[in-house]
Amino acid sequence: MTPTITAFEASPDQGQGLARDMRVRWALEEVGQPYEVRLVSFKAMKLSAHLARHPYGQIPTYEEGDLVLFESGSIIHAGLLPSEANARARAITWMFAALNTVEPPIVELEQAPFVEGDKPWLEERIPMLKDRIRVRMDQLSNRLGDAEWLDGDFSAGDLMMVMVLRRLEGDGIVEDYPNLAAYVARGQARPAYRRAYDAQLAVFKAASGG
Ligand SMILES: N[C@@H](CCC(=O)N[C@@H](CSCc1ccc([N+](=O)[O-])cc1)C(=O)NCC(=O)O)C(=O)O
């Protein structure tokens, strides 16, 4: 049965593959799983039909038969997790590390200008947020060293970590860590990534008449 995911009808990321449907597209492409896409408007995301799929009215969601999932981290195809039990557990560890430890300070930095843009403390807070991110970048860079992926072969842990690090594009932080910049570039060079990126970009181009 072909699964269906949801994605923005017109993504605010201008087709740059930063919205979280990109993670699901990439994972499905990695395992060669064809999928359908239901495009939803911001308005439709908050209506009952979508809220039945996603309690917060967000994207992405994943439907396959009577299975309905939300949370990009959970919608990772079993094919992307190693079959060996310990390696599989470590890949899940790295997924949580990306989503629970590395991504939160990055999202906080990204959101701050929108949420606290008019607050007097913002100017002082931005450097502090960047310092918190750099602590994690230091640790991740030291752990990755000159390895190709975080733990042996490419896994869901790497997919998530690459997508989380991409959220720093334009901040100049990842570029200060050559091994992390090369790690992200390796992820982006994967054929499955390119297919996923091009597919979500095509949606944006169609929506914007591009
Ligand atoms: N924890 C959830 C978070 C889902 C989420 O944040 N979805 C966002 C889109 S991806 C987050 C996102 C949005 C835009 C950009 N961008 O660069 O423009 C990047 C990422 C959404 O639906 N937002 C609409 C809403 O909340 O009403 C997951 O990982 O799936």
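Visitor: Which residues does UniProt list for "domain: GST N-terminal"?

Guide: The UniProt record, an unreviewed entry, lists residues 8-87 for "domain: GST N-terminal"; what we have here is a predicted model, and in this model the end C-alpha atoms of that span lie 34 Å apart, with 26% of the span in helix and 18% in strand.

Visitor: Switching to the ligand, how many residues surround it, and which are the closest?

Guide: There are 15 residues around the ligand, and the closest are Lys46, Gln58, Ile59, Glu71 and Ser72; sorted by class, the shell holds eight nonpolar, two polar and five charged residues.

Visitor: How much of the ligand's accessible area does the protein cover?

Guide: The protein covers 77% of the 670 Å² of accessible area that the ligand has on its own, and the space that the ligand takes up is the largest pocket.

Visitor: Back to Ile59, then: is the peptide bond that joins it to Pro60 cis or trans?

Guide: The bond between Ile59 and Pro60 is cis, with omega at about 5 degrees, and Pro60 is found in the loop between helix H3 (48-51) and strand S3 (61-64).

Visitor: What about Glu71, is its phi positive or negative?

Guide: Phi of Glu71 is positive, near 80 degrees, although the residue is not a glycine, and Glu71 is placed in the loop between strand S4 (67-70) and helix H4 (85-115). Most residues other than glycine have a negative phi, and most peptide bonds are trans.

Visitor: Where does Gln14 lie, and what is its phi near?

Guide: Gln14 lies in the loop between strand S1 (4-8) and helix H1 (21-30), and its phi, a positive value in another residue that is not glycine, is near 55 degrees.

Definitions and conventions. Residues numbered from 1 in each chain as written. Predicted model: local features only at pLDDT ≥ 70, side-chain atom pairs only at ≥ 80, totals over all residues. Heavy atoms only, no water. Near = heavy atom within 4 Å. Areas by Shrake-Rupley, 256 points an atom, 1.4 Å probe, with all protein chains shown as cover. 1 Å grid on protein atoms, 1.4 Å probe; cavity = no way out; pocket = protein on both sides within 12 Å on 5 of 7 lines; lining within 4 Å. Sits in = over half its atoms within 2 Å of the grid points. Nonpolar A, V, L, I, M, F, W, Y, C, P; charged D, E, K, R; others polar. UniProt positions renumbered as here; feature names shortened; annotations may be inferred. Helix = DSSP H or I, 4+ residues; strand = E, 2+ residues; numbered from the N terminus.
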